[in-house]
There are 2 protein chains.
Amino acid sequence: MVYLDNASTTYPKPENVYIEMDRCLREYCANPGRGGHAMSRAAAEAVGKTREALARFFNFEYPERIVFTKNATEALNIAIKGTLQPGDHVITTMLEHNSVVRPLKDLEKEHGIEITFIEGDEYGEVASDTVAAHVRNNTRLIACTLSSNVNGIIMPVGEIGSVAERYGVPFLVDASQGAGSIDLDMKAMKITLLAFPGHKGLLGPQGTGGLCVDQAVELRPLMQGGTGTASENTYQPRVMPEALESGTLNTPGIIGLGEGIAFIDRTGRQTIADHKQHLTARMHQELSGHPKIHVYSMNDSGKNSGIVAINIEDMLSTQVSKALDERYGIATRAGLHCAPFAHKALGYAVDGGILRFSVGYFNTPDEIDYTVRAVQEIAG
Amino acid sequence: MVYLDNASTTYPKPENVYIEMDRCLREYCANPGRGGHAMSRAAAEAVGKTREALARFFNFEYPERIVFTKNATEALNIAIKGTLQPGDHVITTMLEHNSVVRPLKDLEKEHGIEITFIEGDEYGEVASDTVAAHVRNNTRLIACTLSSNVNGIIMPVGEIGSVAERYGVPFLVDASQGAGSIDLDMKAMKITLLAFPGHKGLLGPQGTGGLCVDQAVELRPLMQGGTGTASENTYQPRVMPEALESGTLNTPGIIGLGEGIAFIDRTGRQTIADHKQHLTARMHQELSGHPKIHVYSMNDSGKNSGIVAINIEDMLSTQVSKALDERYGIATRAGLHCAPFAHKALGYAVDGGILRFSVGYFNTPDEIDYTVRAVQEIAG
């Protein structure tokens, strides 16, 4: 099998992720921070190390303000609903995933917030000046994807961060696509809320994700519950990270995520980025030449997180994906990719969606060549 | 090490849980329901099997209405916040965990709901007649723990379910303590909302839990996001389970939970219950005889989910727990156990909390005898 669905979840994971998750489950998987015994402390310590590794990785000063969630969607919901109040205005982009669009549309409908969706260029890239031009007196959040899950376009988050800082508006980045290979520096990029999945570019397992909450931002919790702290308090404590982390954590998953980060640190983020960019460019170049193939991704290594989005003339993306799966054993994703406005923004028919190839660090040039030949055969 | 903190999280898990989680991670851990390829379908099928196993296990008719969550706390928040509106009244008990108390107190403060906390007998057991007596015209939820995480007392949920059905009020059971060994029959017990953790008595890994939502109940989602369905819809779809399951699921965790259920099915729920009851009774009997030891749990096998809660005269529970850990290698939990009203209800000083021994299926009689001797030595 050739796995080119890494934007959904990366596969495989590094060997050390498998090994340490199994060791955690077998040897020290007590409830971290709940019992006072040695195994509980060992679990808590391992969870704390992952927090610290993430803080270093994102150049974030406050490991105790990194909240573990089940996925990026939960992190985005906490950030969005914990910030916005009725009457507030939010600026976001046309390329956002439903994990940003749907919470915002819900708040618009139920609580009267106002949303501005910024259009980008032909690839969906948004200009920071356009963002600045839409800031109002009641703008309380700027939310932007790090890179599109549809065509891989990387947004100028550093420039948008400067706009957010200038106007004193919290800046939420959805790092679902790109964290792990794109350089993410919360301090330099003025990111105040960073939502990330653990199971994509960070190479951890599914069931993990998180939210980095800058000290300048206080969020209303989405959930309340046991925190293992201040048990006599019938209200949610405000101490971080427990304030936003009710109930038992996914200890083995978080340990796996820590191992994913350790692998990236050992390998080098730039090495991973270079490899992905090499494979993406190779595929882009080969497919672009075909008269029946339309490519919707950019062939600029600095502006593509590792996605080649295409359509073959007169074929539905789902048809092509099915043929690749059944006849060639190639795993891809077709359709709308949970990004309702992206398809309109990128200027092609919504009905059929697009076919997405998303590369990962463990893909090889041979796999790319094999896939290119398969697509060419299908296109005829 | 002797692990007697199974009410926090069970340890160890059955061998098949470790093996299948590792196999899932290595061999078929694609994103379930997102890609159209073979590995994605394999992941989705395995997740679906766990849903079906849980439905059978709880005698629940609608597997597609079982929503996977990261823990029981999330399930309880979804149930409570998805049901109650401003002005509604809820009936609950003094023995609830903060995962029920804190969401309710937040709704009381922010949205003006009314809460009745029912007192029980000396062990905290609530009478269904008392519940019935507190039902009002605006009662919209009855929420009750299956058994206390402090002293193990089992609540008469079947009888309370009949009251709820008689008055047409949704009935939420927090099965955090007892699911896996106590018989839970949603149909017979008239339970309309069942919240459960995956990592306690169901023997799955941390990072799992769920909520069974009866067909008669429609919940407002706590979170919105990508569901892999109806991507063009910028509002959350209402189809279950996706309506309440935004973002990527914890596939390896859910597979592990399925293996936990499979182990219980093979072993026999009653066999597990009998073993736990035998160990609990043995410990209860030995410790009750000591003049300096106060036991707060009931010695009735039908009314104790597997907890022996004690204090030693003139010692803080945390002191005893520390001595057991450091001098004997026995893992317990001390303090307030995230149950703020339970300690008042059970009639002892809140300051020191209690020391909790919680047994699991993998504990042995020898471990219990060793622990009893250790406690006797500490008590003097």
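**Figure 1. Burial of strand β8 (residues 209–213) of chain B in the predicted model**. Five of the five residues of β8(B) are buried, so the strand is largely enclosed by the rest of the structure. Here buried means that 20 or more other C-beta atoms, placed from the backbone, lie within 10 Å of the residue's own. On one side of the strand are B:Gly209, B:Leu211 and B:Val213, on the other B:Gly210 and B:Cys212; both faces are covered. Strands are DSSP runs (E, at least two residues), numbered from the N terminus.

Residues are numbered from 1 along each chain as its sequence is written, and chains are lettered from A in the order in which they are written. Local features of this predicted model need pLDDT of at least 70, side-chain atom pairs count only at pLDDT 80 or more, and totals for chains, interfaces and linings use all residues.

**Figure 2. Strand partners of β8(B)**. Strand β2 (residues 66–69) of chain B runs antiparallel to β8(B), with four bridges; pairing requires at least two DSSP bridges between the strands. Within β8(B), B:Gly210 is opposite B:Phe68. Strand β7 (residues 193–197) of chain B also pairs with β8(B) in the antiparallel sense, over five bridges. B:Leu194 has B:Cys212 of β8(B) as its bridge partner.

**Figure 3. Rotation axis relating chain A and chain B**. The superposition is by least squares on the C-alpha atoms of residues with pLDDT of at least 70 in both copies. A:Lys70 comes closest to the axis among the residues of chain A, at 2.9 Å (C-alpha). Both copies use the same surface, as 100% of the contact residues of chain A recur in chain B (contact: C-beta atoms, placed from the backbone, within 7 Å).

Methods. Two residues are in contact if their C-beta atoms, placed from the backbone, lie within 7 Å. A residue is buried if 20 or more other C-beta atoms lie within 10 Å of its own, exposed if 12 or fewer, and partly exposed in between; C-beta atoms are placed from the backbone.
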